[in-house]
Amino acid sequence: MAISASRPEIRTSPSEDGVARRLLDSSARLSYDPLTEVDWETPLDTGYHGASPEWSTLYGTPYWDEMTDAQRKALTRQEAASVASTGIWFEMILQQMVLRDIYAKDPLSDSFQWALTEIADECRHSIMFARGAQKLGAPAYRPRRAAVELGRFFKTVAFGEAAYAAILVAEEVLDVMQRDWMRDERVVPFVRTINNIHVVEESRHMKFARDETRRHLARAGRVRRHIHSLLIAIASYVIVSSMVNRKVYANAGLDEERAIREAKANEHHKSMMRSSCAGLMEFLTSVGLLTKPALFFYQRANLI
Ligand SMILES: [Fe+2]
Ligand SMILES: [Fe+2]
């Protein structure tokens, strides 16, 4: 009591701590150590896909029809590795934003301790994704230079709902793909385990991100909400367009130029992205973040 009376400005609200408490309890009941849970020993079986083929950027194109089964599998393995590498990049950004957000907040609060738990999760995830990409026989895929620099800027300045909604977008986009991959028997078993671990632990992160977005927005004025809605949409566009690196095609033994051309025009893949983001767009609408200028970027990213 004496503590809260002497530093009232840093006490967290009861509702904020209610969510964090439940997340901490859930995390104590079910968390994974990828170092021991994932089968790192068995050599890669190239008879498997790396991702559900329907999620390939070339699925449904004339090029896909011409490819052999082995080429398709090689491609989805490179694509899965690229998504994992993009995941690492994003988790680097996210960990720094969360750490900045809780700097000097009350360490005794559940929300502070939950935030550190989330960072610990992401730290394990990034190592898991790195090892997974390596086992898939992929190089280190990095986003294009402009995306890396925009990310550097965003992680340094974004705060409140801008940070948490951008975190949510990245987590949601990964979540829908990974839910399909973890259940798919055509996908190589160790990748299914990786996706399963990520889906379980990220469901808690998404709950926190939604809650934080709502909480921060409740205190934000109209101008701030409009500026942030646009920032979040631009961040989403950069994240989504960085998912699959252009180099995956050549690394899968394909004609890079033709593959990029057909992937860009692939209506099947665009509709997969749109339908998987329906829930996310509903959330953004409900909290007032789907403004007209923001909508432009979500459409360009094929999220709506
Ligand atoms: Fe993660
Ligand atoms: Fe996360």
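**Salt bridges, metal site and core**

A: The structure holds 18 salt bridges, a salt bridge being a side-chain nitrogen of Lys or Arg within 4 Å of a carboxyl oxygen of Asp or Glu. This is a predicted model, in which local features need pLDDT of at least 70 and side-chain atom pairs count only at pLDDT 80 or more, while totals for chains, interfaces and linings use all residues. Residues are numbered from 1 along each chain as its sequence is written, chains are lettered from A and ligands numbered from 1 in the order in which they are written, and side-chain values use heavy atoms, with hydrogens and water left out.

Q: Which side chain meets Glu-66 in a salt bridge?

A: That of Arg-258, at 2.9 Å from N to O. Glu-66 belongs to helix 4 (residues 62-66) and Arg-258 to helix 12 (residues 256-264), so the pair ties together parts that are 192 residues apart in sequence. Helices here are DSSP runs (H or I, at least four residues), numbered from the N terminus.

Q: Is Glu-66 buried or exposed?

A: Glu-66 counts as exposed, at 54% relative accessibility, whereas Arg-258 is buried at 17%. Buried means under 20% relative accessible area, exposed over 50%, and partly exposed in between (1.4 Å probe, protein chains only).

Q: And what does Arg-224 pair with?

A: Arg-224 forms a salt bridge with Glu-161, and their closest N and O atoms are 2.7 Å apart. Since Arg-224 lies in helix 10 and Glu-161 in helix 8 (residues 160-183), this pair ties together parts that are 63 residues apart in sequence. Arg-224 is partly exposed, with a relative accessible area of 27%; Glu-161 is buried, at 0%.

Q: Which backbone oxygen does the Lys-135 side chain reach?

A: The backbone oxygen of Thr-42, at 2.5 Å.

Q: Changing topic, what are the protein donors of the iron ion (ligand 2)?

A: They are Glu-122 (OE), Glu-171 (OE), Glu-202 (OE), Glu-202 (OE) and His-205 (ND1), lying 1.9 to 2.5 Å from the ion. Donors are N, O and S atoms within 2.8 Å of the metal (3.2 Å for Na, K and Ca); water is not among the atoms, so sites may look incomplete. Along the chain, the donors follow the spacing E-x48-E-x30-E-x2-H.

Q: Where are Glu-202 and His-205 relative to each other?

A: Both are in helix 9 (residues 189-218), and being 3 residues apart, they are separated by about one helical turn. Glu-202 is buried at 2% relative accessibility, and His-205 is buried at 0%.

Q: What does Glu-122 bridge?

A: Glu-122 bridges the iron ion (ligand 2) and the iron ion (ligand 1), which lie 3.8 Å apart.

Q: Finally, which residues touch the most other members of the largest nonpolar core?

A: Of its 88 residues, these are Leu-58, Leu-75, Val-173, Tyr-249 and Leu-303. The largest share of this core, 13 residues, comes from helix 5 (residues 69-102). A nonpolar core is a set of buried Ala, Val, Leu, Ile, Met, Phe, Trp, Tyr and Cys residues joined through side-chain atoms within 4.5 Å.

Note on methods: A polar contact is a pair of N or O atoms within 3.5 Å; within protein, one must be able to donate a hydrogen and the other to accept it, and residues adjacent in sequence count only if both atoms are side-chain atoms. Helices (H or I, at least four residues) and strands (E, at least two) are DSSP runs, numbered from the N terminus.
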